Amino acid sequence: MKPILKLYRGYANDQELIVMGHVFKPTSKEDYDFQKKNFKNATSVIKMFRIKTQANADVYLEHNGEKIHTKTLDDGYFKFCIPLTEKSDFGWINYSVSIFYNNEEIQETASFIKPHKGDYGFISDIDDTFLVSHTRNPLKKLYILLFKNVYDRKVFEDVAEHYHALSNAGKKDKTEKNAFFYVSSSEWNLYRFITQFAEINQLPKAVLLLKDIKTSLTDLFITGRGDHNHKFEKIKHILEFYPNLQYTLLGDDSQHDPYLYENICKIFPVNVKAVYIRQTGSSKKKKAVLALKNLESLNVKVCYFKKSSEAIAHSKSIGLIS
């Protein structure tokens, strides 16, 4: 049995490249199978939350003809923040990372994005923003996570159409895409599930920024809940990392998105063009309405919507998409 190396999508600007992943201890357990049904799916999900990480493992990034060495943190997570000296292409670019086990190299390849200057940047929440998750009902949310596989999970109607239009916003060359980031209170355990779900439902390829990995079964029962400061810090980091992008923030009213986004707009008064909040209950939340009214006073376009068709119409009305 060999250790497992998992890479995540990274991102770069003109000065710095950031890529990350995890190293897991050798295991005979098969990887999460997205097509299993019912109890078999539940067993697979439970395995994802019982995975054992490898602390202080040696990790090597291949960059610019050399191997850069680091070690994993206590939870098996590694992150390379590398200064860039050479000019690189824009768009999605591949990178490779290796670990060694019994003198044998284990190499994986993933990709990072470098957005064009002057592009739009889109930052979206996941649960109940594009993935139907029932966050307002924790027991129902857990049931769906355990017993519905990736093909059974639902995306909101017309959300893929909206996100694709945003991905192409302002682009004459349709092969170029705007940068998308999916920021969530879900943990790294769910990375493969989210990327596969996005692929199946034809959502834009995005950088994922998730919470620290969990390695105990009890964590499964509180997945995606708890402190939302993580989301605020991740979003703030993206806006600081790409100060020249014009951002649109997309979320929902099931938790704290309207207030997180309100605080982000206060700190970055010229960077955020629009905020979209999906209504998850039968009526609009008064606090969310107040937060969005406050954003309008900061010259941010806002849309508090029930159906994605309303969000599409709004994006057209403000000239974000055509």
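Is F122 buried or exposed, and at what relative accessibility? In this predicted model, F122 counts as buried, because its relative accessibility is 0% and burial is assigned under 20% relative accessible area.

**Aromatic pairs**

A pair of aromatic rings is described by the distance of the centres and the angle of the planes. With rings paired when their centres lie within 6.5 Å, the count comes to 20 aromatic pairs.

The rings of F122 and F180 are arranged as a stacked pair, because their planes are at 20° and planes under 30 degrees apart count as stacked; their centres are 5.2 Å apart. This pair, too, links distant parts of the chain, with F122 in strand β8 (residues 120-124) and F180 in strand β9, 58 residues apart. F180 counts as buried, at 1% relative accessibility. Both F122 and F180 belong to one aromatic cluster, which is formed by Y120, F122, F130, Y163, F180 and Y182.

**Lysines over rings**

Two lysines lie over aromatic rings, as the following table sets out.

| Lysine | Ring | Distance to the ring centre |
|---|---|---|
| K114 | F90 | 4.9 Å |
| K287 | Y259 | 5.1 Å |

In the case of K114, it is the charged end that sits over the ring of F90, while K287 lies over the face of Y259.

Which residue's side chain is joined to that of D125 by a polar contact of 3.0 Å? The partner is K231, whose side chain makes this polar contact with the side chain of D125. Leaving aside neighbours within four places in sequence, D125 is in contact with F130, V183, S184, K231, L250, G251, D252, D257 and Y261. Among these contacts of D125 is F130, which is also one of the residues that form the aromatic cluster with F122 and F180.

Conventions:
Residues are numbered from 1 along each chain as its sequence is written. This is a predicted model: local features need pLDDT of at least 70, side-chain atom pairs count only at pLDDT 80 or more; totals for chains, interfaces and linings use all residues. Side-chain values use heavy atoms; hydrogens and water are left out. Rings of Phe, Tyr and Trp (its six-membered ring) pair if their centres lie within 6.5 Å; planes under 30 degrees apart count as stacked, over 60 as edge-to-face and the rest as tilted. Helices (H or I, at least four residues) and strands (E, at least two) are DSSP runs, numbered from the N terminus. Buried means under 20% relative accessible area, exposed over 50%, partly exposed in between (1.4 Å probe, protein chains only). A charge sits over a ring if NZ of Lys or CZ of Arg is within 6 Å of the ring centre and within 35 degrees of the ring normal. A polar contact is a pair of N or O atoms within 3.5 Å; within protein, one must be able to donate a hydrogen and the other to accept it, and residues adjacent in sequence count only if both atoms are side-chain atoms. Contact means heavy atoms within 4.5 Å.
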